[in-house]
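Please look over the model below before you read my notes.

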Amino acid sequence: MRMHSHALLVLLFCSLLVLVGPANAEPSPDPTYKDCHPGDKAALLAVKAALGEPYLLSGWIPDRPCCDWNGVSCDHFTGRVVSLAVFQDANITGTIPSALAGLPHLQDLTLRHLPLLSGPIPPAIGKLSNLSSLRISWTAVSGPVPSFLGALKKLTFLEPSFNSLTGAIPASLGAIPNQSGINLSRNRLTGAIPMFLSKSADQVYLWLSHNNLTGPLPAGFAAVNFTHFDLSRNALTGDASGLFGRGKELQYMDLSRNDFNFDLSAVVLPEQIYTVDLSHTAIHGIIPAQVASAANLNFFNISYNRLCGRVPTGGNMARFDLYSFQHNKCLCGAPLPPCKK
């Protein structure tokens, strides 16, 4: 009986050793980092200093884990800073900090709604080779769209919109593969649109509205699978009909307030399109009967053009009022005046 009890005690003791482990054993590493890499922390503090120590970043202090700082996200396994977002602060002044180059693992950079942020986009941005998303919008940033952005081969979304950028769109952007979106709207860009996005992903967004762009569209755009396409309020010319076509995935098209000149008669609307704005251009021909049967189409504006013929009837035409068709050369039929017999 005593031998049996002794055996049970030995077995119980061994079990406790298995559960507790050796006294000097180190705990298993936690894969979730609370603090970022020391170099990344130093870079973030330099960014904060360059922006004038704003109240928005008052929580960025050295004795707190920087992965918990406002606007900062880290990779859970490496502790490297992969995302930085600074936005919605009308008191931040200065230029885009060059200290951003000290965040080599950064994948997503957002500087948004910072109306006093000024100066050019610095070369430091071109050193962030892991960037996949770059948003600099609603700022006073000026100067050109830098050609060095073309060296960011992992960039999939580029949005320097609502700024004061000037000059031409650099052709180097065409060297970036797998882009899914470019938004350069609301700047002061000039010159022709270069051929880019030919190496893009399956669905592509392009917004270039409210600039001073001129000339025709690149012929290669007809082969790009655009889903959203906005070139409104520029001075572009030529034939843009190649952007349309059966089987394409185009959903949103705004070419309004340009000098495009093509025959609308032969245009075939993509099946998924829900917005078409061709107003204030120079298109001619007749309205395709397909417009009445385009099931998803809920906005259609062809006013202020040179179109003729009868407005189609039936289908979804009741969605469109007089303002969709007015000020054309010789369109007629409801909601316009009746056609002459």
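The points below go from the basis of the model to the whole chain, then to single elements.

1. Basis. This is a predicted model, in which local features need pLDDT of at least 70 and side-chain atom pairs count only at pLDDT 80 or more, while totals for chains, interfaces and linings use all residues. Residues are numbered from 1 along each chain as its sequence is written, and side-chain values use heavy atoms, with hydrogens and water left out.

2. Whole chain. The protein has two helices and 20 strands. These are DSSP runs numbered from the N terminus: H or I of at least four residues for helices, E of at least two for strands. Of its 341 residues, 45% count as buried, meaning under 20% relative accessible area with a 1.4 Å probe, protein chains only. The accessible surface (Shrake-Rupley method, 1.4 Å probe) is about 16700 Å², and carbon and sulfur atoms hold 58% of it.

3. Contacts. Take the contacts with a separation of 6 or more: 45% of them join residues 24 or more positions apart. Contact means heavy atoms within 4.5 Å.

4. Annotated segment. An unreviewed UniProt entry carries the annotation "domain: Leucine-rich repeat-containing N-terminal plant-type" over residues 38-75. Such annotations may be inferred rather than shown by experiment. In the model this stretch is 34% helix and 8% strand, with its end C-alpha atoms 14 Å apart.

5. Helix α2. It has 13 residues, 38-50, and spans 18 Å from first to last C-alpha, close to the 18 Å expected at 1.5 Å a residue. The expected span is 1.5 Å times one less than the number of residues. Which residues of α2 are buried? They are D40, K41, A43, L44, V47 and K48. Just after α2, G52 has a positive phi of about 85°.

6. A three-strand sheet. The order is β17-β19-β20, open, with parallel pairing. Strands pair if DSSP finds at least two bridges between them. β17 (284-285) and β20 (330-332) are the edge strands, each pairing on one side only. Two bridges join β17 to β19 (residues 306-310). G285 stands opposite L307 in β19.

7. A loop serine. S256 sits in the loop between β14 (252-254) and β15 (259-260). Is S256 buried or exposed? S256 is buried, at 6% relative accessible area. Beyond its neighbours within four places in sequence, S256 contacts S232, R233, D277, L278, S279, H280 and T281.

Key. Buried means under 20% relative accessible area, exposed over 50%, partly exposed in between (1.4 Å probe, protein chains only).
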